[in-house]
Amino acid sequence: MVSFTQLLTAGLLATSAMALPHAHKHTHKHVSKRTTGKRGAAYNDASTVQSLGNNGSISWAYDWNMVADGDLPSGVEFVPMLWGSKMFGEWFSSIETVLSSGASYIMGFNEPDMSSQANMGPSEAAKHYTKYISPFSGKAKLVTPAVTNGGGDSVGLNWMASFLDECSDCKLSVLAVHWYGESADEFKSFVQKATKVAEEYGLEETWVTEFALSTATTANSDMESSAEFLNEVIPWLDSQSGVGRYAYFMCADGYLLEGGGLSVSGKAYTY
Ligand code: BGC
């Protein structure tokens with residue numbers, strides 16, 4: 001099947017020679033794209049990262065997994081994650097391999113404060129973290145489990161604070177959070193709260209490893225509002241000294257990508 005983008009490209013090239021100078025200008029814009037080294041790709045299929053990352057605007061990527069599962073574009077650093085207890089069996093052999101091929105960070109459990117995700121209480125998580133992740137602190141910098149922005153006593157940053165109390169000997173360097181919500185203002189205030197928690201516990205920086213408007217969590221939904229949201233929050237994240245890295249949800253068709261190229265939000269993300 002011929003995609004809309006292919007039709008459009010064919011149409012542009014066929015109708016006028018004006019298409020060429022335009023394409024040329026576009027290439028220059030790509031080269032000068034801003035890179036702060038913070039921007040990442042959260043992906044399931046490694047081949048999609050090429051569309052987002054081949055212009056140098058992405059410096060790292062993760063796939064909620066221990067291994068990259070395919071080739072990432074050159075210059076894009078893979079970050080392994082120990083998602084949760086379902087991975088414990090293969091963890092030690094996989095992580096040794098990934099570390100020996102150059103990984104320099106390890107991400108902790110995915111949303112332990114959600115029953116449908118890694119589902120662990122803070123002390124259980126601290127016990128598992130100590131066993132499975134802390135032993136690698138000499139080889140990589142260690143990232144906390146990534147919590148949601150849930151506001152209850154035992155979720156979100158409250159879960160995180162209890163975990164950090166329990167895991168004071170875990171050799172952590174980075175705090176990780178996720179955010180889904182309604183507005184750029186709400187996002188900024190949550191990220192600021194997270195960076196304060198990181199500071200209080202002596203961690204070096206905060207990573208926002210999933211975020212999006214709540215209305216944009218399924219494919220092809222609310223792309224225009226997402227682009228507007230990203231236009232505001234990406235330069236802001238880049239300017240926050242406490243934020244080390246971020247990855248929007250997510251690098252896939254219908255989100256940051258559309259028909260093999262960047263979607264309207266993908267363009268805003270990699271401005
Ligand atoms: C899940 C991951 C999954 C990702 C993207 C996350 O919520 O925990 O396992 O790969 O969503 O679909």
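Q: What percentage of the 271 residues of the chain count as buried, and what makes a residue count that way?
A: In this predicted model, 51% of the 271 residues are buried, and a residue receives that label because its relative accessible area is under 20%.

Q: Why is S94 called buried?
A: The relative accessible area of S94 is 14%, and since the label asks for a value under 20%, S94 is buried. This residue sits in helix 4, which covers residues 88-100.

Q: What makes the pair formed by the side chain of S94 and the backbone oxygen of E90 a polar contact?
A: A polar atom of the S94 side chain lies 3.0 Å from the backbone oxygen of E90, and the pair qualifies because the cut-off for such N or O atoms is within 3.5 Å.

Q: How do you know what span to expect of helix 8, and where does this helix bend?
A: The expected span is 1.5 Å times one less than the number of residues; helix 8 has 17 residues (223-239) and reaches 24 Å from its first C-alpha to its last, close to the expected 24 Å. A bend of about 30° is found at L230, and L230 is also among the buried residues of helix 8, which include F229, V233 and I234.

Q: Which residues touch the most other members of the largest nonpolar core?
A: Within this core of 92 residues, they are F163, F187, F211, L230 and Y269. Leaving aside residues up to four places away in sequence, Y269 touches several residues, among them F211, L230 and I234.

Key. Residues numbered from 1 in each chain as written. Predicted model: local features only at pLDDT ≥ 70, side-chain atom pairs only at ≥ 80, totals over all residues. Heavy atoms only, no water. Core = buried A, V, L, I, M, F, W, Y, C linked by side-chain atoms within 4.5 Å. Buried < 20%, exposed > 50% of the residue type's maximum accessible area, 1.4 Å probe, protein only. Contact = heavy atoms within 4.5 Å. Helix = DSSP H or I, 4+ residues; strand = E, 2+ residues; numbered from the N terminus. Polar contact = N/O pair within 3.5 Å; in protein donor to acceptor, adjacent residues only side chain to side chain. Bend = angle between axes of the 7 residues up to and from the residue.
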